[in-house]
Amino acid sequence: MSRRKLRRVFSRLWLLAPVTTLGVGCSSTWGCDAAPVQETFTLESIELADGGVATADTACEEVCAQLGARAPCSFKRSSAGLAEPDEVSCEMRYLCEGRRPEGLCSDGMVEGRVPALGALFARMAHLEAASVPAFERLADELAAHGAPERLVRAARRSAKEEVRHARAMESLAVRHGAAMPEVTVAPFGYRSLEALALENAVEGCVRETFGAVLAGWQARCAEDATVREALAAIAPDELCHSELSWDINAWVRTRLPEDAWARVEAARREAWSALERDAADSLMPEHVARQSGLPSPEVARQLVRELARTLMA
Ligand SMILES: [Fe+2]
Ligand SMILES: [Fe+2]
């Protein structure tokens, strides 16, 4: 994958972001990684289609339709003194992608009740922070396996950039009432070149590459100007991280035996399919999608499919 081709693909997909007439608009019900999270909302904060607000008698399906959630949701009381439930808890699946290190133990979920937008940014900040040890390990392993110095240097530079990204997203999370969850990663051990290549194919060539597309998309679509500004600074770095993944991929190809290379290719194909399923499965309240600028599940799925088609060609 040449850098020129990769940049052409990114430019084309980023330029689609504001073209609503093609049906790829920025709003609607859209969706950090595909792991489901439970979000809790007060009933009186949920506006219904008829202009009223949700009550204990509102049907679950109606609540889910307004929140962009998936049934069943569960009604609950926030305190023992209340006769009627005044909160509802719903399943959300946020779409956020990046390079996760092997052995990542924390999931980025925020404890307690926080605004959904804050919870999304906290998850994004957690993933950015998790990318720091991923790149530090990658740099050390590349050096140990005799990779060209330019790849090692680029991986170290990327780790420093991810520190900056994590800070930027953390400040967005704090601004919206959430703290960044702590990142916990199991201790690293020695890995073969094939194991490095497999991780790079999935986490770099697929997930971080799509994360770069999302960052550029959000930089154009987010209703919140602070979010656009933060993502506009992050997107060019993520493009470079994606290019690094493909450069590493090209280098390992010259070093791996045919059977190992076939396993790397198979893992990458499967990662595209899994990412497409995750994108189609994303769920989040409409106001979160609008303010964060994330694409809808259908648009996200189309973006993954187009990216996979072009990059696998
Ligand atoms: Fe990043
Ligand atoms: Fe990155």
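Start by selecting α4 and α6, whose axes come within 10 Å and cross at roughly 155°. (Axes here are lines fitted to C-alpha atoms, for helices over the stretch in contact, and angles run from 0 to 180 degrees between N-to-C directions; helices, H or I with at least four residues, and strands, E with at least two, are DSSP runs numbered from the N terminus.) That angle makes α4 roughly antiparallel to α6, a label for anything over 145 degrees, while under 35 counts as roughly parallel, 65 to 115 as roughly perpendicular and the rest as oblique. The crossing of α4 and α6 is left-handed, as the term goes when the near helix is turned anticlockwise from the far one by less than a right angle; clockwise is right-handed. Colour the contact by class and you get 13 nonpolar, 4 polar and 8 charged residues. (Ala, Val, Leu, Ile, Met, Phe, Trp, Tyr, Cys and Pro count as nonpolar, Asp, Glu, Lys and Arg as charged, and the others, Gly among them, as polar.)

A quick word on what you're looking at: it's a predicted model, where local features need pLDDT of at least 70 and side-chain atom pairs count only at pLDDT 80 or more, while totals for chains, interfaces and linings use all residues. Residues are numbered from 1 along each chain as its sequence is written, chains are lettered from A and ligands numbered from 1 in the order in which they are written, and side-chain values use heavy atoms, with hydrogens and water left out.

Show side chains for the contact (heavy atoms within 4.5 Å): the α3 side includes Phe-121 and Phe-135, and the α6 side includes His-241 and Trp-251. By class, the contact of α3 with α6 has 9 nonpolar, 1 polar and 2 charged residues.

Next up, α5 and α7 (258-280), packed at about 30° with axes 9 Å apart. That makes α5 roughly parallel to α7, and the crossing is right-handed. Among the contacting residues are Cys-205 and Phe-210 of α5, with Trp-272 and Leu-275 of α7.

Now for the largest cavity, with about 200 Å³ of space. (On a 1 Å grid over the protein atoms alone, a cavity is a set of points where a 1.4 Å probe fits but cannot get out, and a pocket is an open set with protein on both sides within 12 Å along at least five of seven lines; lining residues have an atom within 4 Å of a point. Grid points are joined across faces, edges and corners, and a volume is the space filled by probe spheres set on the points.) Select Glu-97, Met-124, Glu-128, Gly-211 and Glu-238, the closest to its centre of the 20 lining residues. Which helix gives the most to this lining? It's α5, with 6 residues.

Last stop: the largest pocket, about 410 Å³. Pick Phe-41, Ser-45, Ile-46, Leu-67 and His-287, the closest to its centre of the 18 lining residues. β1 (37-42), α2 (60-67), α3 and α8 (286-292) each give two or more residues to that lining.
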